[in-house]
Amino acid sequence: MVCSDSISAAPESLHPSLWRASQLARSSNRCVDTGHAALSAQLPGGGWPTGVLVDLLLQQPGIGEMRLLRSALAEVAARRIVLLQPPHPPQALALAALGVPPSQLIWLRTSRTADALWAAEQVLRSGSCGALLFWQNQVRSDSLRRLHLAAQGGETLFFMMRPLAAGQDASPAPLRLALRPKAGGIEIDFVKRRGPQRDAPLFLPLSSNFTYTHRHAPVDRPVTAPVAARGIQPQLVH
Amino acid sequence: MLEQERVLAVSDAARAAGVQPGMRRGGVLMLLPDAQVHERSPQREAEALYAVAMAMLQYTPQVTEAEEATLLMDVGASLRLFGGVLSLCRRVRANVRALGFTASLGCAPTARGAWLLARARQTGGRTVKMPSLVRRLDLLEVLLAPPARPFAAWFEGIGCISFGELRRLPRPGLQRRCGRALLDLVDAAYGLSPELYEWIAAPDTFSARLELFDRIDDAELLLAGARRLLLQLTGWLCARQLAVERIVLRLEHERGREARAPTCVEVALAEPAWRDEHLVRLLKERLAKLTLDAPVIGLGLEAKQLQPMAPPNESLFPEPGGTEEDRMRMLELLVARLGADNVLQALPMADYRPEQANAWVPVQQKVSERARNAQMPPDVMSLPRPTWLLAKPIALLMRDHRPFYGSPLRMASNPERIEAGWWNGPETRDYFIAEGQDHALYWVYRERIGADEEEPRWYLHGLFG
């Protein structure tokens, strides 16, 4: 069959939304560069997709998730960046050091889950914000679908920060990444993406923008030395 | 509805039960013992008509009340703005329905012709061309015209039923028998003589009141009432070319044993507005949050602060993500539901103490860019600060003389000594960046202690996101 031959030859040339299981899909949405070449190469469209729900599953808050997103956030910082229900009060100076000017930050606090979901939907529907970062532990899947639909109406970068355990549940998000801290960087598991299954996690070195290296030779060894029971600990002396 | 103890108008349910116009009160109550019988109130009818007229002012400044509870609007100049006759009629009909009334619309090149079409209650009584209006009017009954009604028997006697037949009668004879008024009306309807009306002038200040038909303690129903008032406000604002900055919705409570002051819901807008969709959304959120301590029997709306309406500022290439007004509207909506204290913007303070430096203020507070920049450190990169600052530092356990948080913490940086604030809340701390065994980075500090304490105390104060 000529027809089937031509289809098997190049399905991706027939329609933009077709791809082989061994290929990465091409994204129809505008993508924002991640700032990490190794990560961009693994994402469909070569960056964080705008206008869709992106699930980030965190082992715990404060493992380098904002440093991972820094260049994307800096790129969309011409418009407002909304932090909805962050786990702790955000520090504007630190975000300024990551490239997000404090004038563009909006911090929303809510007391009820329903309010938080409503606020997220309003932000997405208005489409006037560059990015929405939404921390929520328990979300029902119909709420997720609703937010995903709302996100499709605009070009807002929309990240949902959820605990690692949420990776077991189904989600309408086309991109789901699990993040774990590693020495000097972060380890990314591709839970779901439009592309081939990747089992090996991707290690991404995250440079801190500040220098906290020792000016003197470190006394501290990476290997925990057996603690000697005398006087002051060598680990505490710098 | 009764007028002089005779039934004037009946609801569908009553008609199904056999109530007919012209019956007496006793007859109605015999057929329907639990019927609601209302006396006709000309004053309330006039108020209702005036309310509709106010709402209609948003389509044209030329609105006037005509006889038999009709409104005449000159929409000739508004057709293009509202997208043609059909779409304008649809909007008018929707608005009248939102106000809680039903209307029959007529649309014609002459005002009197439109009046006749509307009174004839023909569905789709719309014409835009003079010949088709003449054709339609010729078919209408003569008795629609109020001046013709005293002569109903005479018209029937000579077999003159429609306007077409009336126009074939000799004019001098008709004028002698029926008077000048009928001829004037026919001439005006057919466009043979000019029409003059005194248009309604919008009052200088806006305040509208609505008496609710029942005692209401549900926010949704209140919103329906508030919508009616907002529609009137929209019409008034358009007529006066004003935009509103602050509106007050007054919820009047029943006067019980003690007089209860009305509850006021105040909505302040960052950007003056004159369209009602945004106001309706804001009021909806505000009313949903409101807890009523008594049922509401009346609503009042006042426009407090007014501004001249700014002409819409359209750019040739619309920005993606909407305009600054869209952004303001979204924030206003969020503030209306979440409260002003929960929608915050960053206003970093020039202070060494991290808690004081990390200040967040409500988003509606006006902060100039210069004031914000003046408080920023010259080089933000020089300060190692964590993304998440714990609201309250957590005292860390000590294991083997090391601070412990899930795992033993290893200091990964030089100390940063912060010692400030002797005037309020002094802090003397040495901050370190610490790394746990899971390689997460923490911001911890050691309280600098006096000589009398033996153990240094460690606290966790931030997480590096």
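Biologist: In which loop of chain B does B:His439 lie?

Modeller: Please keep in mind that this is a predicted model. B:His439 lies in the loop that runs between strand 19 (427–435) and strand 20 (441–447) of chain B, and its phi is positive, about 70°, although the residue is not a glycine.

Biologist: Is B:His439 buried, exposed or partly exposed?

Modeller: The general idea is to count C-beta atoms around the residue, and a residue is buried if 20 or more others lie within 10 Å of its own. B:His439 has 17 other C-beta atoms within 10 Å, so it is partly exposed. A:Gln85, in the loop between strand 4 (80–84) and helix 5 of chain A, also has a positive phi, near 55°, but A:Gln85 counts as buried because it has 20 C-beta neighbours inside 10 Å.

Biologist: How many residues does each chain bring to the contact?

Modeller: The size of an interface is often given as the accessible area lost when the parts come together. Here the contact is described by residues, with 53 from chain A and 50 from chain B; those of chain A divide into 27 nonpolar, 16 polar and 10 charged.

Biologist: Which strand of chain B pairs with strand 5 of chain A?

Modeller: Strand 11 (residues 343–346) of chain B does, in the antiparallel sense and over 3 bridges, and within this pairing A:Ile106 has B:Gln345 as its bridge partner.

Note on methods. Residues numbered from 1 in each chain as written. Chains lettered and ligands numbered in written order. Predicted model: local features only at pLDDT ≥ 70, side-chain atom pairs only at ≥ 80, totals over all residues. Contact = placed C-beta atoms within 7 Å. Nonpolar A, V, L, I, M, F, W, Y, C, P; charged D, E, K, R; others polar. Pairing = 2+ DSSP bridges. Helix = DSSP H or I, 4+ residues; strand = E, 2+ residues; numbered from the N terminus. Buried ≥ 20, exposed ≤ 12 C-beta atoms within 10 Å, placed from the backbone.
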